[in-house]
Every structure is written in structure tokens, then in C-alpha cells.
Amino acid sequence: MAGGFIQEELKRLKQQGLYRKLRRVEGEQGPTLMLDGQEVLDFSSNNYLGLANHPALREAAKEAIDRYGCGSGASRLISGNMALHEELEANIAAFKGTAAALVFNSGYHANIGILSSLVGEGDVILSDSLNHASIVDGCRLARAQVVVYPHCDLERLEEGLKKAPVAARKLIVTETLFSMDGDEAPLAEIVNLAERYGAMVMVDEAHATGVFGPNGAGVVAKLGLGDRILAQMGTLGKALGAFGAYVAGPRELRELLINRCRSFIYTTSLPPAVMAMAIAAVDLVYKEPQRRLALWHNCRALRDGLRSLGYSLGESQSQIQPLIVGDAQKCMALSEQLLQKGVFAQGIRPPTVPPGTSRLRITLMATHTHDHLHRALKAFEEVKNEDCKM
Ligand SMILES: Cc1ncc(COP(=O)(O)O)c(C=O)c1O
């Protein structure tokens with residue numbers, strides 16, 4: 001059988017310290033996890049508000065199954081557009097303060113589909129160098145010219161806008177809260193530039209939804225930029241504890257996507273239980289602001305603790321705290337050392353992050369307790385003393 005290259009490829013990945021393997025979680029997603037048979041403190045999840053195992057989401061899913069059954073049976077444009085999809089979309093539009101919203105099966109589906117629906121051959125996409133892989137893949141699928149500007153570099157962004165052909169449609173795409181660095185895009189300035197040069201703006205609020213802004217509506221809402229941004233994409237599987245994604249924006253954007261967006265059209269719609277969970281989650285995000293307060297409290301406590309241990313932390317002011325190690329193998333060794341002490345802080349390597357910037361991506365949850373943080377900091381102190389060079 002042909003395919004001998006696979007062995008070679010796997011060997012090469014192992015030699016470069018880039019080989020990945022799956023870890024197995026048993027039980028539920030909480031601040032502690034049963035990971036490969038070991039109970040650990042989870043500092044790697046995007047379940048920022050602790051909603052993934054919330055009773056209200058569980059109940060909503062069970063009720064939806066009892067009432068509507070399990071599968072949705074078809075894509076939205078055939079017979080899979082259920083009342084719950086539209087209810088969730090109305091709730092998301094209200095949550096984000098936009099005229100409309102459209103649900104996608106995942107953030108990956110959303111990003112690849114939205115980008116390739118808004119621009120095509122002869123157009124120009126301006127994309128931040130640290131944008132998520134799903135945005136990178138969306139840029140490729142769109143077949144537009146892609147200008148990658150250095151991370152948050154407004155001068156280079158403006159240069160790209162100036163050079164774009166006058167007749168080309170221009171689209172700036174950026175995460176609002178960057179997934180691996182936890183820093184915020186200079187969104188107000190980006191929007192100003194977009195308006196100056198007649199460009200559309202699309203944002204990815206995957207990590208900001210539920211966490212930032214009034215009622216957790218995201219960075220766009222925090223900055224009051226909703227009317228000036230064409231497409232606000234976000235996910236339902238991170239802080240919202242459910243699954244899927246959405247784009248919020250003008251009614252015509254929704255209509256265009258229903259007609260043009262291949263990753264929306266050609267896929268079976270999300271099942272009722274998932275929609276019901278997401279509806280319950282949006283509701284909780286409004287009703288329980290104390291979760292955000294607890295999350296911010298935990299972020300400060302962990303950051304202060306790590307700094308007092310002598311760790312140098314970068315720009316992050318969010319629930320995502322990278323600890324840059326550099327070398328991929330050293331990074332994974334550090335992650336493994338922490339795991340042995342019962343703390344799961346995932347090492348992140350290329351191609352997820354640029355070469356030479358491998359890091360622990362430490363994430364906080366509202367449901368981490370004082371004791372969880374104390375135990376994590378103790379583990380960080382021990383590995384530092386065990387002479388792991390940072
Ligand atoms: C910034 C960003 N955008 C999009 C996605 C994709 O979302 P999903 O997991 O729902 O496919 C992710 C992570 O998974 C992400 O971090």
C-alpha cells in the first residue's frame with residue numbers, strides 16, 4: 001500500500017518536538033479534570049465561565065431532546081432549520097446589539113465561510129499575523145490577495161490598505177482577543193483605518209464572547225464599535241460552554257451568507273440539544289455577571305502570583321496568560337513537569353504559534369477556587385526551583 005511517507009513524516013515531527021498526541025478526559029469539564037486517569041487542575045480549557053457542566057445547560061439539552069429528538073436531519077436550507085436555530089439567532093442578535101445573527105456549526109466553519117463569501121479573486125484581505133488557523137484557511141479559500149500585517153501593527157496595516165487596488169473590495173480581519181497571547185487588537189484604530197480606506201471589517205470574538213464588555217458581549221461591545229463593524233463572529237463552545245458559532249451583523253449579511261456561504265449551506269445543521277444549551281448559556285451570561293468578576297479576580301491572583309515567583313509575563317490582560325518558553329521541546333517538558341504535579345497547562349508549539357515562541361498557554365476559569373490557584377502556584381514555584389530555564 002502506498003503511503004510510506006507517513007512513517008517518515010511522523011518521525012520528523014517527533015525529532016522536531018512537534019509530535020502531538022491526544023489526551024483522554026473522563027468525567028466532566030470542570031476546574032479539575034480526570035486526564036489520562038490522573039486528577040489534575042485544568043488550566044488549559046476555554047471553558048472560561050465554567051458553563052460547560054452547568055445544570056441549566058444540562059437541563060436545556062435534556063428538555064430539547066425530549067421535545068425535538070436528537071438529530072436535525074438536514075442542512076438549514078433543506079429541512080434542518082428548526083425553531084431553536086432561529087430562537088438562538090434572535091437571542092444572539094439582541095446580545096450583540098445587531099440587526100441579525102446566523103449560527104454556524106463551529107468557529108472553523110464560520111471563519112472559512114464568511115471570508116470566502118465576502119471577498120474573492122481580485123480583492124484584498126488584510127489579516128493580522130497572529131490570526132487563528134481558521135482565519136488563515138478562510139483567507140486561502142477566498143482566493144483573494146492576502147496581506148498579512150505584523151501583529152497589531154497599524155502602520156503596516158495602513159500601508160497594505162494604501163497599496164490595495166482602488167477597485168478591489170478590501171476586508172480587514174482580526175481577532176479581538178488573541179487566542180494564544182491573550183492581548184487585545186487595537187480595534188478602534190483598525191476601524192478608523194478601515195473607514196478611511198473604504199475597507200470592511202470582520203472580527204473574531206471567539207475568546208472575548210462571554211468574557212469582555214457589558215453583559216459579556218465582547219470587545220466590540222466594550223468599545224461601542226458595533227455599528228462600524230460588518231461581521232462579528234464568535235463561538236459558542238468556549239466561554240458559553242456549548243458548541244457552535246455565530247456571526248452577528250446587518251440583516252443583509254445574514255441573507256448573503258444563507259445564499260453564498262458554502263460552510264453554512266453544505267452541512268447538516270446543529271442538533272436541537274446544542275441549540276438549547278447555547279440559548280441557556282447566552283441567558284446565563286447576562287444573568288450571572290458574578291462569573292466574570294470571579295474570572296477577573298482569578299486572573300489577577302494568578303498573574304500576581306506568577307510575577308512574585310519571578311516569571312516574566314507579557315502583554316496579556318485577559319484570562320489567557322502565555323508563559324513564553326521559546327524552544328518547543330523545553331516547553332513540552334515544562335508542561336509535563338507541571339502535569340506530574342497535578343497541573344495541566346498545555347504547551348503550545350508551531351505551527352499553532354510562530355517558531356521560537358512555544359509557550360504554556362495558561363487559561364483561567366471563573367470556577368477556579370483560591371485553593372486551586374494556590375496549588376497551581378505552588379507547582380509553578382517547584383518547577384522553577386527544579387531549574388527549568390524560562
Ligand atoms: C480565535 C479562534 N477562532 C476560531 C476558532 C474555531 O472555533 P471552533 O472551535 O468553534 O471551531 C478558535 C478555536 O477553536 C479560535 O481560537
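Start by selecting the two domains: the C-alpha centres of domain 1 and domain 2 lie 27 Å apart. Colour residues 20-49 + 289-385 as domain 1 and residues 55-287 as domain 2; these bounds come from an automatic or database domain assignment. Before going further, note that this is a predicted model, in which local features need pLDDT of at least 70 and side-chain atom pairs count only at pLDDT 80 or more, while totals for chains, interfaces and linings use all residues. Residues are numbered from 1 along each chain as its sequence is written.

**Stop 1: where the domains meet**

Domain 1 puts 18 residues into the contact and domain 2 puts in 13 residues, with a contact meaning that two C-beta atoms, placed from the backbone, lie within 7 Å. On the side of domain 1 that touches domain 2, select helix H12 (289-308) and strand S11 (320-326), each of which supplies at least two residues. S11 gives the largest share of that side, 3 residues. By class, the side of domain 1 that touches domain 2 has 7 nonpolar, 8 polar and 3 charged residues. Here Ala, Val, Leu, Ile, Met, Phe, Trp, Tyr, Cys and Pro count as nonpolar, Asp, Glu, Lys and Arg as charged, and the others, Gly among them, as polar.

**Stop 2: the whole chain**

Zoom out and switch to cartoon: the protein chain has 14 helices and 14 strands. These are DSSP runs numbered from the N terminus, with helices (H or I) of at least four residues and strands (E) of at least two. The C-alpha atoms fill a box of roughly 60 × 55 × 55 Å along the principal axes. Of the 390 residues, 49% count as buried. Buried means 20 or more other C-beta atoms within 10 Å of a residue's own, exposed means 12 or fewer, and partly exposed is in between, with C-beta atoms placed from the backbone.

**Stop 3: the core**

Next, select Val247, Met277, Ala278 and Ala281, the residues with the most contacts inside the largest nonpolar core, which has 112 residues. Such a core is a set of buried Ala, Val, Leu, Ile, Met, Phe, Trp, Tyr and Cys residues joined through C-beta atoms within 7 Å. Helix H11 (residues 272-287) gives the most to this core, with 11 residues. Both domain 1 and domain 2 are represented, with at least three residues from each. Centre on Met277 and show Leu57, Ala60, Ala61 and Ala242, which Met277 touches when residues up to four places away in sequence are not counted.

**Stop 4: around the ligand**

Now pick the ligand. It is surrounded by 14 residues, the closest being Ser106, Gly107, His132, Ser179 and Ala206; a residue is near a molecule if its C-beta atom, placed from the backbone, lies within 6 Å of it. Helix H4 (residues 107-118) gives the most to this shell, with 3 residues. Coloured by class, the shell shows 3 nonpolar, 9 polar and 2 charged residues.

**Stop 5: backbone details**

Go to the loop between strand S6 (145-149) and helix H6 (154-163) to find Cys152. Cys152 has a positive phi of about 60° although it is not a glycine. Is Cys152 buried or exposed? Cys152 is buried, because 21 other C-beta atoms lie within 10 Å.

Then select Asn215, in the loop between strand S8 (200-204) and helix H8 (219-223). Asn215, also a residue other than glycine, has a positive phi near 60°. Asn215 is partly exposed, with 16 other C-beta atoms within 10 Å.

Finish at Pro351, in the loop between strand S13 (347-348) and strand S14 (358-363). The peptide bond from Pro350 to Pro351 is cis, with omega near 10°.
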